[in-house]
Amino acid sequence: MCFCDLESLLEIVDISRHPITPPVSPGGPPLKRRRLPSPVLSACRNVIEQMPRQLFSEKTWNIQEIKAVQVHHTRMANGFVFGVGGKRVVFSGDTKPCDLLVEEGQDADLLVHEATFEDGHEADALKKKHSTMGQAVEIGRKMKAHHVILTHFSARYPKVPELPAYLEKCGNVGVAMDNLSVRFDQLSLVPKLIPIFREVYQEELFEIELRKESRNLKQKEERENKQKMELKSRENTVSN
């Protein structure tokens with residue numbers, strides 16, 4: 001099974017949780033389709049029994065487990081834990097660091113985790129309920145995931161995200177790119193693509209570093225100006 005199969009399965013899971021029903025119009029065609037209100041669900045649940053049987057077969061998909069885990073994003077946001085062919089695969093979905101996902105995904109064979117923001121943007125990530133790259137890597141460490149693939153990078157990185165040196169030191173962390181297709185037996189190769197990405201996207205990574213340095217200088221200047229204003233305010237208070 002490859003990731004495209006799992007993505008299809010995610011769509012089926014979503015259909016099972018948010019069924020779309022055409023209201024019946026007496027004597028006429030169905031009215032406009034509408035989504036049913038989101039039900040009140042537990043923070044962690046096995047959703048296999050909710051799957052529409054016309055779309056899903058446990059034997060065909062070789063699925064042992066589909067667990068929906070409530071994560072820290074918008075209302076009804078969920079990560080998923082799949083038991084697939086004896087392997088455990090965890091999808092974080094959009095979320096800031098989530099302890100429940102770590103707990104339910106322990107010893108996962110693969111964690112696919114969002115890394116919307118680069119390191120240094122923890123405040124923005126917290127506000128928008130996303131994760132930084134460093135936070136996503138830490139989730140993988142706490143989960144004891146055998147392999148980690150980072151994805152869902154900010155649109156500010158149209159081709160490649162920031163690639164900090166610690167990614168290669170981890171040894172089991174890779175970065176997703178458009179059209180990346182990987183089999184389970186190839187997961188150990190994904191981290192080895194990072195040095196190649198560095199070579200291919202030298203210009204883009206250089207621009208990222210320039211923007212980062214410019215932002216750091218601006219923040220430093222703002223802090224210094226704030227300190228000067230506070231000092232001046234205290235001096236005026238003392239003189240009065």
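**Notebook: the sheet around β7**

I began at one pair: V90 stands opposite L111 in β7. The model is predicted, so I kept its limits at hand: local features need pLDDT of at least 70, side-chain atom pairs count only at pLDDT 80 or more, and totals for chains, interfaces and linings use all residues. Numbering starts from 1 along each chain as its sequence is written, and side-chain values use heavy atoms, with hydrogens and water left out.

**Entry 1: β7 and its partners**

I looked up the pairing next. β6 and β7 run parallel and are joined by three bridges; two strands pair if DSSP finds at least two bridges between them. Strands here are DSSP runs (E, at least two residues), helices are runs of H or I with at least four, and both are numbered from the N terminus. From β6 the chain crosses through helix α3 (residues 99-104) to β7, in a right-handed β-α-β crossover. Right-handed means that, with the strands pointing away from the viewer, the path from the first strand over the helix to the second runs clockwise.

On to β8: four bridges join β7 to β8, and these two run parallel. L111 stands opposite V148 in β8.

Which residues cover the two faces of β7? I found L110, V112 and E114 on one side and L111 and H113 on the other, all buried. Buried means under 20% relative accessible area, with a 1.4 Å probe and protein chains only. Five of the five residues of β7 are buried, so β7 is largely enclosed by the rest of the structure. As a reminder to myself, side chains in a regular strand alternate between the two faces of the sheet.

**Entry 2: the whole sheet**

I then traced the open sheet of seven strands, in the order β3-β4-β5-β6-β7-β8-β9, with mixed pairing. β3 (44-46) and β9 (173-175) stand at the edges with a single partner strand each, so one side of each is left without a neighbour in the sheet. Neighbouring strands are turned by 20° against each other on average, direction ignored. Helix α5 (residues 133-143) packs on the sheet, touching β6 (87-91), β7 (110-114), β8 (148-151) and β9, and its direction makes about 155° with that of β7. For such angles, axes are lines fitted to C-alpha atoms, for helices over the stretch in contact, and values run from 0 to 180 degrees between N-to-C directions.

**Entry 3: K67 in β4**

I moved to the β3 end. β3 and β4 (residues 63-70) pair in the antiparallel sense over three bridges, and C44 stands opposite V69 in β4. K67 lies in strand β4. Is K67 buried or exposed? K67 is buried, with a relative accessible area of 17%. Its side chain makes a polar contact of 3.3 Å with that of E65; such a contact is a pair of N or O atoms within 3.5 Å, one able to donate a hydrogen and the other to accept it, and residues adjacent in sequence count only if both atoms are side-chain atoms.

**Entry 4: the cores**

I finished with the nonpolar cores, sets of buried Ala, Val, Leu, Ile, Met, Phe, Trp, Tyr and Cys residues joined through side-chain atoms within 4.5 Å. The largest has 30 residues, and V90 and L111 are among those with the most contacts inside it. α5 gives the most to this core, with five residues. A second, separate core of 20 residues includes W61, I63, I66 and V190.

Conventions: Contact means heavy atoms within 4.5 Å. Buried means under 20% relative accessible area, exposed over 50%, partly exposed in between (1.4 Å probe, protein chains only).
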